[in-house]
Amino acid sequence: MSIAPAYQNITVIESLAHSLESAARYNPNDVVKPNVVLWTDSDAQWQPIIPQLRKLLPQLLTFSEYQPEHKTGPAIWLRSVIDRALPDVELDNELTPIIYLPKVSRQILRAVQDCPDELKPLVELQFRGVCWTQKNGKDWTLEAFLVSLEGGLGLDVAHDATTRKAMLGALSELATTSVESLKGKHLEAEDFDKLFSQDQDKDVLHWLSDSAAVRSSWDKGRWNAFKTRCKKDLHFDPETDGALVGAEMLGKREDAWRSVWDRFTEAPALYEGVTDLLRQAKPNDLFVEPSSWPQVNEKSESNLRKSLLELENSTPAKARERIIELEKEHGPRRNWVWSKLEQTPLALALSHLSSLVADTTSNLGGTSTAEMANLYVDSAWKVDAAALFAMSSVRSTADVQAVSKALNAIYRPWLEAAAEHLQSLAEKEPLPGHDGQGLEDIQVETGGLILFADGLRFDVSRRLMVGMSKKGRTVTLTTRWAGLPTVTATAKSAVSPISKKVKGLAPGETFQPVTANGGQPLTTDRFRKLLSSEGYQYLSVNDTGDPLGRGWTEDGELDKLGHSLQGKLASRVEEQVDLLIERIESLFDAGWHEIRVVTDHGWLWLPSGLPRVDLPKFLTKTRWSRCAAIDGESSVTVPTVRWHWNAHERIAIAPGISCFSEGNQYAHGGLSLQESLIPVIRITAGNAVAVTTASITDVSWAGLRCRVRVSADKSGLSVDLREKVNDPNSSVSNKRPLDDKGTASLLVANDEFEGTQAAVVILDADGQVIARQSTIIGGID
């Protein structure tokens with residue numbers, strides 16, 4: 001979901017909340033959903049801002065004295081809340097609970113036998129949940145969060161004791177400071193001390209948000225000073241005018257109140273009471289600024305919803321005209337403060353619908369399948385991307401229905417016309433089968449790995465490319481035609497390095513090919529054995545393999561989620577892309593030099609439902625949503641294509657975007673650009689494969705000293721101990737040269753690393769990794 005430019009500048013506390021929520025993200029191919037996020041803070045550095053943070057994270061619990069109204073309590077109470085055993089404590093089932101543990105380090109929790117009794121009920125949760133920690137396993141201190149480039153804010157902060165003290169002392173003020181205002185400068189003690197300068201705007205907002213609580217927390221001197229400044233600067237008396245008058249003046253944004261409003265828009269979620277006050281304080285003035293009042297935005301959203309629903313009976317041309325009108329009217333609301341509070345979902349969706357209008361004015365042309373593919377790769381894929389983004393902007397049933405109607409009016413006709421045109425071209429010029437495409441783009445050399453992502457549609461792959469480019473990787477794209485029918489049983493092996501070891505006899509009921517040598521069904525086990533025979537190691541979802549060879553691994557759940565969620569898939573696409581990026585980065589960290597991402601097929605998606613076409617079941621051996629195996633010499637009235645693995649076998653496909661069954665919003669198996677034109681993405685780490693050969697013959701530990709023995713064909717090598725194979729900044733010791741006997745000794749000075757996983761790496765004279773071996777720091781007892 002895009003954020004309006006005016007609200008991209010988030011505060012430190014909002015960044016913190018996002019990081020904590022991200023810790024709960026998981027790859028379902030690898031692990032089960034975590035039950036809880038444990039946040040250990042041995043020095044209780046973060047404790048001053050927990051009340052503020054809870055406004056952003058209602059799922060935040062605290063290990064402390066029993067105060068359930070503040071979501072704090074002892075370990076046994078917290079454990080019961082996590083297990084949903086206390087019905088009087090409300091927790092959103094969609095949110096993963098976060099437990100903040102002040103004055104508790106992760107090491108204390110890990111030491112099960114020595115863990116204090118009052119913490120023991122929580123020990124087991126670290127195995128059912130995740131810990132919010134730095135990459136090196138350490139607790140996130142304030143300083144680490146501010147300066148870290150991996151998971152932190154990447155700020156430039158002085159490391160002296162005076163700055164550290166000032167930083168901690170100013171935390172409450174720092175929390176509500178925009179991150180952007182802290183960038184581009186070397187932050188020292190003085191910069192943090194300046195945050196203590198009296199912030200009248202923030203004081204006014206806190207008072208408006210909860211006037212009674214704030215008044216009771218201030219002493220008489222501060223209250224009098226506050227009143228004096230309000231009278232002088234804002235022409236407003238908090239005592240005699242009251243909060244409601246103050247809210248009206250805030251909404252009007254006149255004179256000095258403009259500064260207060262701007263401060264409110266930086267982090268409106270921190271002043272939750274202000275929204276309700278603004279709702280009550282709206283004046284009956286025709287010329288009042290509309291963006292200040294939540295009910296104006298709510299009415300506009302309601303009107304927009306109604307207008308989108310009315311598109312159901314419009315022609316595509318009329319629907320496009322209407323969407324352009326609606327964009328002019330509602331587009332500016334994306335810059336209102338209510339957008340930052342996620343209260344403008346339809347206005348956000350409208351931005352993507354407007355993109356669809358521009359790109360669907362004319363149907364996708366091309367005089368050949370190749371030309372049509374080129375047009376799609378050049379820009380037409382953006383139509384599919386915009387449709388998914390539009391739907392992912394909304395959540396409520398009513399909003400989903402409204403966007404569905406709009407997509408049905410302008411996206412469906414374009415989608416149908418494109419599929420029908422491709423099918424007509426393919427009837428004259430069949431797509432290439434088993435022998436029609438080379439294997440060069442789906443093979444890798446030593447140090448390369450193929451990552452198979454099921455159902456990685458072309459437009460979604462563009463998101464992956466952008467994400468990897470932001471990581472500093474070199475990314476190139478090619479395309480190829482998927483095997484027909486576009487189902488995994490047929491199409492997966494067609495994009496694998498064992499393609500030449502597979503053939504087709506008959507599609508049967510599963511469209512599964514057989515081994516070329518022996519004619520046995522290509523089961524998962526046989527597929528992996530053929531990979532091995534071609535020199536490819538198979539990596540399971542949590543394995544990183546040997547980067548000095550070649551590999552194949554599989555990741556991603558797009559197709560699985562598509563079949564289960566149907567039209568609701570749009571809301572999960574971004575998460576799946578992020579998980580793929582994390583997996584790829586972990587493989588690069590392990591030492592792989594190139595990742596080749598391949599997929600078997602794409603998919604059709606239409607939340608209003610794909611149409612149904614009839615194909616009598618007695619004419620088929622098996623009938624899936626978009627394809628069917630024809631029974632013998634039966635004659636069918638729908639289009640047919642050659643089976644990828646045996647051109648003599650014909651497969652029936654549903655015409656256009658239709659299905660052979662009812663109730664499909666997501667489907668594949670047929671012939672369309674969305675299903676059949678698939679990406680091949682080459683991602684490189686930027687390091688060449690070293691030619692020097694070396695092998696680690698022994699790794700032993702004596703306390704925190706690691707002794708390494710290496711066999712190599714050259715001298716001048718060195719050894720290091722790292723958390724990430726290819727990242728010298730992740731070293732936990734000092735790099736040491738190998739002596740003339742091929743041995744070296746490494747000392748881990750920080751005992752906090754004891755028991756964590758690391759990699760012993762051998763480096764050539766250029767600093768390139770030529771061998772690696774995993775180890776546990778301190779050894780295994």
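Modeller: One term first: two strands pair if DSSP finds at least two bridges between them. Keep in mind that this is a predicted model.

Colleague: Which residue in strand 17 is the bridge partner of T622?

Modeller: Strand 16 and strand 17 pair in the antiparallel sense, over 3 bridges. They form a hairpin with 3 residues between them. Within strand 17, the residue bridged to T622 is A629.

Colleague: Which residue of strand 19 is the bridge partner of C627?

Modeller: Strand 17 (residues 627-630) pairs with strand 19 (residues 646-653) over 3 bridges, in the antiparallel sense. A628 has A652 as its bridge partner in strand 19. For C627, the partner is I653.

Colleague: Are A628 and I630 of strand 17 buried or exposed?

Modeller: Buried means under 20% relative accessible area. On one side of strand 17 are C627 and A629, and on the other are A628 and I630. Both faces are covered, and these four residues are all buried.

Colleague: Turning to salt bridges, how many residues apart are D578 and R25?

Modeller: The side chains of D578 and R25 meet in a salt bridge, 3.3 Å from N to O. D578 sits in helix 28 (residues 573-589), while R25 is in the loop between helix 1 (12-22) and strand 1 (37-41). With relative accessible areas of 25% for D578 and 33% for R25, both residues count as partly exposed.

Colleague: What separates R229 and D233 along helix 14?

Modeller: Their side chains meet in a salt bridge of 3.5 Å, N to O. R229 is partly exposed at 30% relative accessible area, and D233 is partly exposed at 30%. Because they are 4 residues apart in helix 14 (residues 220-234), the separation is about one helical turn.

Colleague: Is D117, the salt-bridge partner of K120, buried or exposed?

Modeller: The closest N and O atoms of K120 and D117 are 3.3 Å apart. K120 has 37% relative accessibility and counts as partly exposed. The cut-off for exposed is over 50%. At 58%, D117 is therefore exposed.

Colleague: How many salt bridges does a search of the whole structure find?

Modeller: Some residues are joined in a network of salt bridges: R79, D83, E124 and R128. Searching the whole structure gives a total of 41.

Colleague: Which helix gives the largest share of the lining of the second largest pocket?

Modeller: This pocket holds about 650 Å³ of space. It is lined by 23 residues, with Q52, H206, V214, S217 and W218 nearest its centre. Among the elements that give two or more residues to the lining are helix 2 (50-56), helix 12 (200-209) and helix 13 (211-217). The largest share, 4 residues, comes from helix 12.

Colleague: How many residues in that lining are charged?

Modeller: By class, the lining of the second largest pocket has 7 nonpolar and 8 polar residues. The number of charged residues there is 8.

Terms used
Residues numbered from 1 in each chain as written. Predicted model: local features only at pLDDT ≥ 70, side-chain atom pairs only at ≥ 80, totals over all residues. Heavy atoms only, no water. 1 Å grid on protein atoms, 1.4 Å probe; cavity = no way out; pocket = protein on both sides within 12 Å on 5 of 7 lines; lining within 4 Å. Points joined across faces, edges and corners; volume = space filled by probe spheres on them. Nonpolar A, V, L, I, M, F, W, Y, C, P; charged D, E, K, R; others polar. Salt bridge = Lys/Arg side-chain N within 4 Å of Asp/Glu carboxyl O. Buried < 20%, exposed > 50% of the residue type's maximum accessible area, 1.4 Å probe, protein only.
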